[in-house]
Amino acid sequence: MAERPGPKLYSIAAHRGFADALVAGLVPRYREAGFGLARLTLLVPSTRARRTISEAFIRHFGESGENGLLMPRMAVVGDLDLDEALGPLLDPLGAEGIPCAVDPTRRWLALARILEVELGSEAPKGATLLRLARETAATMDRLLAEEIIPDDLLGESVLQIVGDLADHWKRSLATFARVQERWRFQLREWGAVDAATRRNLLFREAARRWKTEPPASAIVAAGVTSAAPALAELLRVVSELPRGAVVLPDLDLAMDQEVWKELGRAGRALETDSEPFARHDAVTHPQYHLKLLLNRMGVARAEVQPWHRRGEVAAPPERSHAISALFLPPEASGRWVALPADRRRLAGVRIMDCATPEEEAQAIALLVREALETPGKRVAVITPDRALARRVMHHLRRWNIAADDTAGQPLSQTAAGRLLLLAAEVAAGGAAPVALTALLMHPLVKGDMERPEWLGHVRTLELALRGPRPKEGLDALSDVVARATRRNPGLTAWWNGVAVILADLLAMPERGPLADGVDTLSAAAHRLAGDALWEKEDGRALGQFVEDLVTNAREAGSEIDTPQIDLILRDAMEEVAVRPPWGGHPRVALYGLLESRMSRADLAICAGLNEGSWPARGAADALLAPPVLRALGVPGADFRIGLSAHDLAGALGAPEVVLSRSARDDSGPAIPSRFLLRVQALLGDLLDRHRETRAVVLARALTEAPAAEPSPRPAPNPDAAQRDLAISATALDRLLGDPYQFYAGQILRLRELEAIEDEPGPAWQGTTAHKIIERWHNAVLADPATPIEPIMHEVLDEANTHPLLRALWAPRLLAALEWVAETVRTSDREVLAVEDDAKGEFQFEGVRVHGKPDRIDRLPGGGLAIVDYKTGKPPSAAQVEAGFALQLGVLGLIAEEGGFPKAQGEPEAFEYWSLGKSDKSATGFGFIETPLKTGAKRSGLEPERFLPHARAKLAEAVRGYIRGDKPFRARENPDYPTYDTYDQLMRLAEWLPRMDEAELP
């Protein structure tokens, strides 16, 4: 290329492959005998771009058969979005006259304190305040990148529109301006500047130095598209250097001038007092940010020349024409109707529609696997959806293909980061069971013992913790451990070691220094996991995060509420990306959008093309209204949509492209990306030819199993030895109503596990209420005046009842218990036995029948009254008659046979004492119900028929199931009001809808 006067700018078309085409042009132009390219300096946008270009150089020399060549020096311009610093060329050590940049964490914490002072009583608390500080910092960076100082917020352009703003925007603007002033004063006190300001100063200094003293060696800016004013000025200077040039990616030089104008002002105000960004600017167009860059450089598009070299991996030239047509602005898109075939040609581009993200990930993995069968073929999976990228990565492991996600993942989602967060959750929640078991079961945690032994102890503790949430603190947990020791004799010694670590976490003050809290958490995590916590890349990132946060928090004197420390740390960790070490498959890469820029592959799979993902949802600035930003000369919120469109346009330049989406995402039906809809509209009638269906079919085939025969209605038929069981009073109606439940519970001995921190259900409430009443009855024998309330609190204390549950349930329970106590005291009955003292049994046809009444009373006439307490609604007389509630009847048979040692006599009364609401109770709770046809009842059994009815049911059960050979068929009586405990075991949903009427009883 011959040198020419004026700025030297070039554009590499999308179809040429930026990195490979760049190298192909740089080598012949800047190569020097004996030095190779060592005297060339490349300004590149990011460390990822530097790696991509380095790989392109290696491929170039390998394909040309050369042994090697000295590489150029590559200086990173830095990317704020990637949290990357400038290279040493632009930020030399000890740059004279330019203040140091304030540490980002120190700045974040300082802004939180400023906001707390500025907002006063209206300031949010804890994690919310720190989130607001982070949003404030992001808005400040946005303004600083555009070189907008705090004084501009009170400039004439802003004051002219303030009156038209809503009140909340006015308050937000005023608050932001005051915070800016306080922050500027703080920076002067420290003698520092913001990182974005320092970056601008360094760009200006480099531009001044190179302009006055042009370097003798060549400088080329490659792939830099940021339109920040200071960087645009530097690029202008580079383009005018004697041996300088600027190479842009994918600038559309073939676009009609009318279409170029339709993109809008793009930073160039038409008049001195007009806004540089108009309301109707096409900021979502992929060329908009490049037009903004050219305008700020003061260069016309006509001055940009095409880069005539191409890479080895290049698509047909027609692809660039189609990409240009694809992203035409709204007014110009009407040209699609008359567009010639060569301008809409998308050969090599396929569209893949999947049902779910899981199916999409599987189909993508299959495409990658297939492509790798071709020697030398490179594949890039590009998606902003990190969850989808992780799914693809895991599916590729099926074929031992290690593909690393170069975009990384948040520190909070890594193993090391999650361990610290779990420790924070334990500290914040008072060692709540869910957080505690998750912490102790974490993959890195094993204390000073072998992992299997450690897990054995944790699982014992987990079983003991199942049920309603206990009280917070170590005392309650130690009680749980003491009860579980009989299952695991070594549990106590293990727990003593764990308790020492937990004690430090639970001893954290309600409010205290953030630095001390993080120190305590990291120390506890280290004691649980040892050096394994810090060994890998996530551990190293965590160590750096902890050190940085502790140092700056201690210097800032930040204090937090301990119950919010987990939320604060999670928000902070979300900002830290942990990227994997290199070493995955050399021909497979998983990129985010930022990482994909300048990369090139033979097959590019653009995945997750749904609205909200690609492009991401355009979010307005939380602190400054859009009209204010336009008046200040800051691009609108949709500016990033244009950047993501440019990322897609660059990816479409690959020889083979697959555009992929799923019809649903995790939240429900998904809307196709506007970019994908444009591709489909451009293809028109040709769309069906571009469908990728084979990979989807194969993906579904991998997960589809042969159709299985639906499960029949289970009817197990155990042998006589297995049937030889006793029958309890509470099990008879279950045996007759749903024999399978009896089989699963009594013969298979399967018990349903409660969830950890489970909602306290009727069973727990019933057990607790029964224990209170039993203890009160026993106390009354010694002192008839014993109140029931202290006993209730004693039992709730022993059960480690959670304070919230206690506050909600205890008042209602006490009202019902006081009704029980008062009713018993004023009754003319004599209480003979309660609970365990009332146990009894008898033999029926060689089968032991046993039961435990809640209470047995002696009636004035000498007969017995059998009482059963219910915390809910008691069974009705109709249910008793139908055989669905036989407990009282079986207990009556035991009494009739003299089976209760402490209560001999004829059973005459059968009562349910309910603790439920009652208008007739003096306390509002408690009533007595007799489940027989008495008084005005029109249904149910007469009292004299009750025990014969129970005896007949008992005989039916014993002769059919215990001594007979009747199968334990599921849902023998569909009307029986059963629980769903064993529905999955009996595979109810498979056979119940197909059950013929003939099968119904």
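Tyr740 and Tyr743 both lie in helix H29, three residues apart, or about one turn of the helix. Helices are DSSP runs of H or I with at least four residues, numbered from the N terminus. The model is predicted: local features need pLDDT of at least 70, side-chain atom pairs count only at pLDDT 80 or more, and totals for chains, interfaces and linings use all residues. Residues are numbered from 1 along each chain as its sequence is written, and side-chain values use heavy atoms, leaving out hydrogens and water.

Helix H29 spans residues 739-747 and includes Gln741. Gln741 is buried at 4% relative accessible area (buried means under 20%, with a 1.4 Å probe and protein chains only). Beyond residues up to four places away in sequence, Gln741 touches Arg734, Thr978, Tyr979 and Tyr982. Contact means heavy atoms within 4.5 Å. Tyr740 is buried at 7%. Tyr743 is buried at 14%.

The structure holds 17 aromatic pairs. Rings of Phe, Tyr and Trp (its six-membered ring) pair if their centres lie within 6.5 Å; planes under 30 degrees apart count as stacked, over 60 as edge-to-face and the rest as tilted. Two of the pairs are tabulated here.

| Pair | Centre to centre | Plane angle | Class |
|---|---|---|---|
| Trp494 and Trp495 | 6.4 Å | 50° | tilted |
| Tyr740 and Tyr743 | 5.8 Å | 45° | tilted |

Trp494 and Trp495 are both buried. Ring pairs also link Tyr740, Phe742, Tyr743, Tyr961 and Phe968 into a cluster.

Technical notes:
Helices (H or I, at least four residues) and strands (E, at least two) are DSSP runs, numbered from the N terminus. Buried means under 20% relative accessible area, exposed over 50%, partly exposed in between (1.4 Å probe, protein chains only).
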